[in-house]
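Please open the structure in a viewer and keep the selection tool at hand.

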Amino acid sequence: MYKRQGKYDGVKASIYPNPDGGVGYFADPYVADNIFYYRYLTSSGDHTMASFDGSNVSLIPKPDKVMYLGAPVVFQNKLMGIYRYRVADSGSVVWGENPVTASGYSGSPIVYQNKLYFSYSQPGNRYELAAWDGTNTTLYQNPDSGTGHVGYPIIHYSKLFFRYRTKAVSYTHLWILL
């Protein structure tokens with residue numbers, strides 16, 4: 001199934017060709033400086049970032065052996081997202097029960113009080129809230145042995161709210177960062 005970028009101007013819809021004949025628009029839309037960015041699945045089965053300026057779809061170059069997995073955000077005037085190294089040099093990406101064994105940025109980004117807050121993956125399927133000021137990363141330790149910070153951040157009444165999964169897997173709580 002091919003997915004193509006489309007635009008509706010209030011009267012008619014226009015469909016734009018995929019630049020490499022790939023599957024196309026995949027997920028994670030984001031708008032910055034009037035350009036629409038999203039995750040794109042190429043003809044070789046690779047994930048990369050694409051941009052749409054209202055007229056053309058362009059694939060954004062990325063480092064070799066790396067794939068773009070979404071979660072875009074603008075922080076300090078830079079567009080950022082999840083990039084992960086391929087598991088194999090063959091060009092295939094191995095997906096499994098726990099495809100990520102390394103720690104690091106795993107999405108749910110939000111800018112709050114001049115810091116980039118996000119979900120930080122730890123070994124053992126645990127996540128902690130992290131904050132990056134552009135130089136240093138601060139991890140906020142989970143209060144129990146549950147899964148931890150599971151995303152969906154929002155700023156409301158000048159406070160940062162997010163979901164937190166406790167040790168009892170069936171319980172998810174709303175947390176506030178003061």
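Which residue forms a salt bridge with Asp 28? Select Asp 28 and Arg 39 together: these two residues form the salt bridge, and their closest N and O atoms are 3.1 Å apart. The model on display is a predicted one. A search of the whole structure finds 1 salt bridge. The pair links distant parts of the chain, since Asp 28 belongs to strand 3 and Arg 39 to strand 4, 11 residues apart. Side chains of opposite charge can pair when their charged atoms come close.

Next, display the surface around this pair. Is Arg 39 buried or exposed? Arg 39 has a relative accessibility of 12% and therefore counts as buried, the cut-off for buried being under 20%. Asp 28, with a relative accessible area of 24%, is partly exposed.

Now select the strands around the salt bridge. An open sheet is formed here by 4 strands, in the order 3-4-5-6, with antiparallel pairing. Strand 3 (24–32) and strand 6 (57–60) stand at the edges with a single partner strand each, so one side of each has no neighbour in the sheet. From one strand to the next, the twist averages 30 degrees.

What is the bridge partner of Tyr 38 in strand 5? The partner of Tyr 38 is Ala 50.

Remain in strand 5 and select Ser 51, which is found there. Ser 51 has a relative accessible area of 13% and is therefore buried. Leaving aside residues up to four places away in sequence, Ser 51 touches Ile 35, Phe 36, Tyr 37, Asn 56, Val 57, Ser 58 and Ile 60.

Then turn to the largest nonpolar core. Which residues make it up? Select Ile 110, Tyr 112, Tyr 117, Leu 129, Ala 131, Leu 160, Phe 162 and Tyr 164, 8 residues in all. Two or more residues come from each of strand 10 (110–112), strand 12 (126–132) and strand 16 (159–165). Strand 16 gives the most, with 3 residues. Apart from this core lies another, of 7 residues, including Tyr 16, Tyr 38, Ala 50 and Val 57.

Finally, select Ala 131, one of the residues of the largest nonpolar core. Residues up to four places away in sequence not being counted, its contacts include Lys 115, Leu 116, Tyr 117 and Phe 118, as well as Asn 136, Thr 137, Thr 138 and Tyr 140.

Notes
Residues are numbered from 1 along each chain as its sequence is written. This is a predicted model: local features need pLDDT of at least 70, side-chain atom pairs count only at pLDDT 80 or more; totals for chains, interfaces and linings use all residues. Side-chain values use heavy atoms; hydrogens and water are left out. Two strands pair if DSSP finds at least two bridges between them. Axes are lines fitted to C-alpha atoms, for helices over the stretch in contact, and angles run from 0 to 180 degrees between N-to-C directions. A salt bridge is a side-chain nitrogen of Lys or Arg within 4 Å of a carboxyl oxygen of Asp or Glu. Buried means under 20% relative accessible area, exposed over 50%, partly exposed in between (1.4 Å probe, protein chains only). A nonpolar core is a set of buried Ala, Val, Leu, Ile, Met, Phe, Trp, Tyr and Cys residues joined through side-chain atoms within 4.5 Å. Contact means heavy atoms within 4.5 Å.
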